Amino acid sequence: MCPQRKTKQQLLMELRALRKRNEELEAFANESQLARMGFQGSDELLRKVFKTIPDLFAFIDRDFRILLSNWHGGYDYVPEEVRKGTPICYKAYYNSDKPCDHCHVAEVFKTGKPVTREKMNPRIGHVEIRAYPIFDESNNVILVTENIRDITKRKQAEEALEKARDSAEQANEALKTTHKQLLHQEKMASIGQLAAGVAHEINNPMAFITSNFSTLNKYMERLSAFIGDQDAVFRGDLNPDDLAAKRKELKVDKILNDAARLIEESLEGAERVRKIVQDLKGFSRVDEAEYKYADMNQCLESTINIVWNELKYKAKLVKELDDIPQIQCWPRQLNQVFMNLLVNAANSIEKQGNIVVKTSSDERNVYITVSDTGSGIPDEIRERIFEPFFTTKEVGKGTGLGLSISYDIVKKHGGEITVVSEVGKGSLFRVRLPFKVSEEMV
Ligand SMILES: Nc1ncnc2c1ncn2[C@@H]1O[C@H](COP(=O)(O)OP(=O)(O)OP(=O)(O)O)[C@@H](O)[C@H]1O
Ligand SMILES: [Mg+2]
């Protein structure tokens, strides 16, 4: 007999029934699995959980009695006979006759709020305590659960970290001091270099001023002699006709012409010395430098004056200075930057070349560029030239701090210093300086 074909509806119902049965079987399987593992009821489960917790976990009542505890977390120092029954917590933990000061259990009972604190347990070390309230139906705290974790190792690690941080800070301080000393040394070095250049620049005019004065002195003697001759004519001791011959003999006319030239030249020399001395002031007391309005063109002019001795034999200097606004800055520090760039430019030229100094501005910044037709900077060192102590100069010739100091100074002004360079053609350093330094930097 052909079995009766089931309707689609019947099949769906059977499928649903089968699924339900399957779920029941699965639940049964879980239960029997739990039973096989020994968890017969919730007490058993709680006890197993208790045993797996590595920290101390305890239930304590209002009278400080420990109703249940796993005695973990280092608390196994409490003797077995004390642990039995319902020991009083302060007695069991600290062998004390009264509750501890700032007792967390008492606090949770009083406030009904959880408490977390750290404490020293003389037998264990640093412990972290977390205590929570358990309420009855009327919302009264009936029990406190206490979870105590041994955090001695963590504390030690924290202390070690703290010490490490302290020594890192000390090392940092020491580094800062060394850095300052080095900056100081660099400053001394550049002052030394400057002093030599300036001495030369002052010596030159002083030499011709001295020589001019000694010539003028001789001229004065001859002029005195000629005045003496004139007096003799007045007195009748000398024939007036002889005076013209005397005038010629003493070269009075030549002296008068030449003296004017010598005086003019000496005045120019004195003016040059005066200017150098004035510009030198711009370099003195860099540390006390004030923050003020300054004209970068003027700063460049006086810096060029100071380093002229370094530049003049190597390069033709071209100045293309725009009419730029004054900026708020530390001008003495910027003088140092310009000095470093100019000296580097001169140093990069082997025999003869050009150095061009340009200034310009836009609506926010002024730009100063110093370019040279020197050796150029190879790609592989371009990234490193602003590093402290990076130098390609011979030992004793360069400290390698010039550009690193310049970089710091420009950065302090909220500006930037960039370089483009081609080996064999030359380099161009560009300094951008905003009109004003941001408030927090001043
Ligand atoms: N205009 C330039 N042309 C070619 N190389 C340059 C130029 N400016 C800097 N450099 C390179 O960058 C290096 C670092 O310059 P920096 O001014 O910091 O130190 P330095 O000039 O070597 O020594 P210091 O300035 O202390 O006397 C130089 O040694 C040089 O190799
Ligand atoms: Mg340099």
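Helix α10 is the largest contributor to the shell around ligand 1, supplying four residues. This helix spans residues 331–348, and α12 (402–412) likewise provides at least two residues of that shell. In this predicted model, local features need pLDDT of at least 70 and side-chain atom pairs count only at pLDDT 80 or more, while totals for chains, interfaces and linings use all residues. Residues are numbered from 1 along each chain as its sequence is written, with chains lettered from A and ligands numbered from 1 in the order in which they are written.

Around ligand 1 there are 21 residues, of which Ser348, Thr391, Gly398, Gly402 and Leu403 come nearest; a residue is near if its C-beta atom, placed from the backbone, lies within 6 Å of the molecule. By class, the shell holds 13 polar, six nonpolar and two charged residues (Ala, Val, Leu, Ile, Met, Phe, Trp, Tyr, Cys and Pro count as nonpolar, Asp, Glu, Lys and Arg as charged, and the others, Gly among them, as polar).

Helix α10 also meets α9 (residues 296–311): their axes come within 9 Å and cross at roughly 35° (axes are lines fitted to C-alpha atoms over the stretch in contact, with angles from 0 to 180 degrees between N-to-C directions). Among the residues in this contact are Leu300, Ile304 and Val307 of α9 and Leu334, Phe338 and Leu342 of α10, contact meaning C-beta atoms, placed from the backbone, within 7 Å. The α9–α10 contact comprises 13 nonpolar, two polar and one charged residues.

Overall, the protein chain has twelve helices and twelve strands, taken as DSSP runs (H or I, at least four residues; E, at least two) numbered from the N terminus.

How values were computed. Contact = placed C-beta atoms within 7 Å.
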